[in-house]
Amino acid sequence: MDRTSTPEPSHPSPSSPASSLRTVAVIGLGTMGTGIAEVLTLAGRDVVGIDVSDAAALRAGAALEAATARAVERGRITGAERRAALARFRTSRELSAAADADLVIEVVPEDYDLKHEVFTALDAVVRPTTILATGTNALSVTRLAADSARPERVLGLHFFNPAPAMRLVEVVSSVLTAPDAVAAVTGLARELGKEPVAVGDRPGFVADGLLFGYLNQAAAMYEARYATREDIDAAMRLGCGLPMGPLALLDLIGVDTARTVLEAMYAASHDRLHAPAPVLGQLAAAGLTGRKAGRGFYSYEAPGSSVVVPDADTPGASDGSPGAAGREVQAVGVAGSGTMASGIAEVFAKAGYRVVLAARSQEKADAAKARIAKSLARAVTKGRLTDVQADAALAAVTPAGSLDAFADVDLAVEAVAEDLEIKQQLFAALDKVCRPGAVLATTTSSLPVVACARATSRPQDVVGMHFFNPAPAMKLVEVVRTVLTADDVHATVRAVCARVGKHPVDCGDRAGFIVNALLFPYLNNAIKMVQEHYASLDEIDAAMKLGGGYPMGPFELLDVVGLDVSLAIEKVLHREFRDPGLAPAPLLEHLVAAGCLGRKTGRGFREYAKA
């Protein structure tokens, strides 16, 4: 999903293993095969594209002409280089055209029988030294190799879509693969300007092995009607910085393709998190396979189009509860003195609300306001606020050493420690202090909102408002309704979110809400990969950043969040859903027990220089 400019390929050294791979056959000229052919021709390789469909071959040639023309327009190559690249590409309907290839890359559809047929036929066509690479991300490379007459020359070469833009290439060895074959294709990947990651043979490899479990959980969440498709996708884009939401990504990948990958993963792992959500099978059976069909989780302007059009499931103009009018909010109380509390108070103050910032002492409240002052000053320095706006926001914040100062607020937001007993005590206090009709909100990310509500005599006034850290920068707020939350309270909070410039997404009172329920199983599975010695921290982080467009790799993120916080959330998810696949990875528990909590302690999955 990282659609950055294509890296400039390096030129092969005469002595490099990849220098022997001058002629490459690409079998299957769909989107992926065409993209791989483009990368290879621009890097100076002679490429023969093979496809049984004349139409596919014509489309591939036209796509290559268009892509190289754009490259000339953007100054990446010269006109002469374009003509040379086009001259290095030819197409054929016959596998015999691969006879002189040094490397064959197979990217036909994800069907074992079809791939087996291709590899068996190639045995009678290519030279004994030719390397045969499969582009599969779900099927067994080892099985394909074992069925070949030259198993030591068979490996996996998994490019990511679109191949010209995506930097990651997974080089997949079986127990049969010769080291010189691996060295040759690894060198080739580097010469193409890619980042090769060496992985073993298991369904999904690294990137898709982590990605598809997450996508499957998102599909199951949608199927359970826990949240709308729009809210699930917005939550992961805005809460995690991902380039696409999971359901939109499933439509791009192809619902049928995703189901095939998950079936293979489940057959290998028997992990329920990999068992394809029934909705994937239902959509695939109905031919609603995503963008390529014009309809999947979303509806599109036409087959192959990326333009989403309204359908029966598209939310109306009003996303709140029909007919619900919100309560008036002019003054907001924020309880807490930490980074989250001061950040939330700043958000409300900049939006023009009168804010009372209450802590356990006047000194702590004053310190929290001082933190807001520093944040506002940085915003002025960066040109995001004027001096006048910053002064007005700071003046709107009144620090207080007691919750008694919340007597007249219209909305009280707690941002104290993530401990249920502490939160319940605070809500009991708010119940006594706040006026009747005031909305009481918790910022919890993992605890049951209803448990906070039951600590009051007015559970209908209690709602979840899960801000993300840092609150001034992050656009997402998860609005969490309990079974007792009043409609007008829900409408009030959504209106407040809009006024402070945040994007609200609705979800029920369930462990993890949307973001953490999808994010932390993915992080936990990454830890299991390291624990099982399948891949290293650096390989996994690189795979997810380069292959998935993630802003941070899972281990970078875990160390930032804090391993103790991550473990606590994993335990809550496991306790709530009782799925064995959600049990915290033992390696995470061991690191927390050893006091290795991430950046805040100087050591987590990695070590950090002390400040």
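Is D256 buried, partly exposed or exposed? I looked this up in a predicted model, where local features need pLDDT of at least 70, side-chain atom pairs count only at pLDDT 80 or more, and totals for chains, interfaces and linings use all residues. Residues are numbered from 1 along each chain as its sequence is written, and side-chain values use heavy atoms, with hydrogens and water left out.

**Entry 1: D256 and K292**

I found D256 partly exposed, with a relative accessible area of 29% (buried is under 20%, exposed over 50%, partly exposed in between; 1.4 Å probe, protein chains only). K292 is also partly exposed, at 45%. I noted a salt bridge between their side chains, 2.9 Å from N to O (a side-chain nitrogen of Lys or Arg within 4 Å of a carboxyl oxygen of Asp or Glu).

**Entry 2: R229 and D311**

I counted 27 salt bridges in the structure. One of them joins R229 to D311, with the closest N and O atoms 2.7 Å apart. R229 is buried at 2%, whereas D311 is partly exposed at 24%.

**Entry 3: D506 and R494**

I found a salt bridge here too, its closest N and O atoms 3.2 Å apart. Both D506 and R494 are buried. I also noted that salt bridges with shared partners join E106, E110 and K115 into one network.

**Entry 4: T130**

I checked T130 and found 1% relative accessibility, so T130 counts as buried. A polar atom of the T130 side chain lies 2.9 Å from the backbone oxygen of A101. Leaving aside neighbours within four places in sequence, I listed contacts of T130 (heavy atoms within 4.5 Å), including D102, L103 and R150.

Definitions and conventions: Polar contact = N/O pair within 3.5 Å; in protein donor to acceptor, adjacent residues only side chain to side chain.
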